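Subject: Structure for your study

Dear colleague,

Please find below the structure that I am handing over to you, followed by an account of what was found in it. I would be grateful if you kept it open while you read.

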Amino acid sequence: MLGIIGGSGLDCIAELEIESRLAVTTPYGQPSAPLAAGRLHGKRVIFLPRHGETHSIAPHRINYRANLWALHAQGVRDVVAVCAVGGINPVMSTGTLLVPDQIIDYTSSRESTFFDGVDHPLTHVDFTLPFNMPLRQRLIQAGKVSGHQLHDGGTYGATQGPRLETAAEINRMERDGADVVGMTGMPEAVLARELQLGYAMLAVVINAAAGRGDNATGISMEAAHAAAEIAMTKVRAVLNVLA
Ligand code: HPA
């Protein structure tokens, strides 16, 4: 079954015919919200808003372990993570949808493993390719069918937040090879890998990163939210085809 984790701008999916709301408790505590189980275009889907139903949970406070555990426990095997991002590479202009193929983790102090040697024995999972390739291809195909071209590939840089980055930090990230920047892709992606879930990201560029494009001297979050609202219409269309 497909799980969808919604990010900023996608706290619900109107087209999802919800059959039940599951308040799940996990060994790691509560997920961000009850899981919304239902049907999207006839196919069974479970939806979880990463920042909670009222978008109140900051990126560094999200209980990523509970979220992934809860989805897995309910029978989810593939997860599409919708993530709002800032564009670093000029190709990643506002409104671009991409399916990244790599991650750089700049986060700190987050609970980022199930395998901490306490609850589960220490295990070093392979993370060479952090995203599930077949699921990435399904997303890209769904983009084609829905008429919304998805950029194939790109490196996602995960920052700690909740503050936005400095222009110098973005310059450094660009030198590192990051194409886009967001705050939630890690540890979400690695926790999915540890549970052997297929995980792919549908990233949505909602602003030029700090110091870039129109944001030479600052980022307007109002403008970013407006861009997110427009872009999420496309995201919904892609998800409808994918499901
Ligand atoms: N930086 C970090 N996270 C983000 C951004 C950004 O510019 N835009 C959306 N999420």
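The side chains of Glu174 and Arg212 form a salt bridge, with N and O 3.2 Å apart; the term stands for a side-chain nitrogen of Lys or Arg within 4 Å of a carboxyl oxygen of Asp or Glu. Glu174 belongs to helix α3 (residues 167-176), whereas Arg212 sits in the loop between β11 (198-208) and α5 (221-242), so that two distant parts of the chain, 38 residues apart, are linked. Helices (H or I, at least four residues) and strands (E, at least two) are DSSP runs, numbered from the N terminus. Glu174 is partly exposed at 36% relative accessibility, while Arg212, at 15%, is buried. In these terms, buried means under 20% relative accessible area, exposed over 50%, and partly exposed in between, with a 1.4 Å probe and protein chains only.

Before going further, please note that this is a predicted model, in which local features need pLDDT of at least 70 and side-chain atom pairs count only at pLDDT 80 or more, while totals for chains, interfaces and linings use all residues. Residues are numbered from 1 along each chain as its sequence is written, and side-chain values use heavy atoms, with hydrogens and water left out.

Other salt bridges

The count of salt bridges comes to nine. One of them joins Arg39 and Glu19, whose closest N and O atoms are 3.2 Å apart. This pair connects strand β3 (residues 35-40), which holds Arg39, with strand β2 (residues 17-22), which holds Glu19, across 20 residues. Arg39 is partly exposed, its relative accessible area being 31%, and Glu19 is exposed at 53%.

Arg50 and Glu188 also meet in a salt bridge, at 2.8 Å from N to O. Because Arg50 lies in the loop between β4 (43-49) and α1 (64-73) and Glu188 in helix α4 (residues 185-194), the pair ties together parts that are 138 residues apart in sequence. Are these two residues buried or exposed? Arg50 is buried, with a relative accessible area of 1%, and Glu188 is buried as well, with 0%.

Aromatic pairs

A pair of aromatic rings is described by the distance of the centres and the angle of the planes. Rings of Phe, Tyr and Trp (its six-membered ring) pair if their centres lie within 6.5 Å; planes under 30 degrees apart count as stacked, over 60 as edge-to-face and the rest as tilted. By this rule there are four aromatic pairs. The ring centres of Tyr28 and Phe114 are 5.2 Å apart and the planes stand at 65 degrees, so this pair is edge-to-face. Tyr28 is in the loop between β2 and β3 and Phe114 in the loop between β7 and α2, so parts 86 residues apart in sequence are tied together. Both Tyr28 and Phe114 are buried.

Phe131 and Tyr199 make a stacked pair, with 6.2 Å from centre to centre and 10 degrees between the planes. Since Phe131 lies in the loop between β7 and α2 and Tyr199 in strand β11, this pair ties together parts that are 68 residues apart in sequence. Phe131 is buried at 1% relative accessible area, as is Tyr199 at 2%. Ring pairs also join Tyr28, Trp69 and Phe114 into a cluster.

The ligand

Which residues surround the ligand? Among them are Ala84, Gly86, Leu164, Glu165, Met183 and Asn207, where a residue is near if one of its heavy atoms lies within 4 Å. A backbone N or O atom of Ala84 lies 3.4 Å from a nitrogen atom of the ligand, and one of Gly86 lies 3.3 Å from a ligand nitrogen. A polar side-chain atom of Asn207 lies 2.6 Å from a nitrogen atom of the ligand.

The chain as a whole

The protein chain has five helices and eleven strands. Of its 243 residues, 51% count as buried. The C-alpha trace spans about 45 × 40 × 30 Å along its principal axes.

Yours sincerely

Methods:
Polar contact = N/O pair within 3.5 Å; in protein donor to acceptor, adjacent residues only side chain to side chain.
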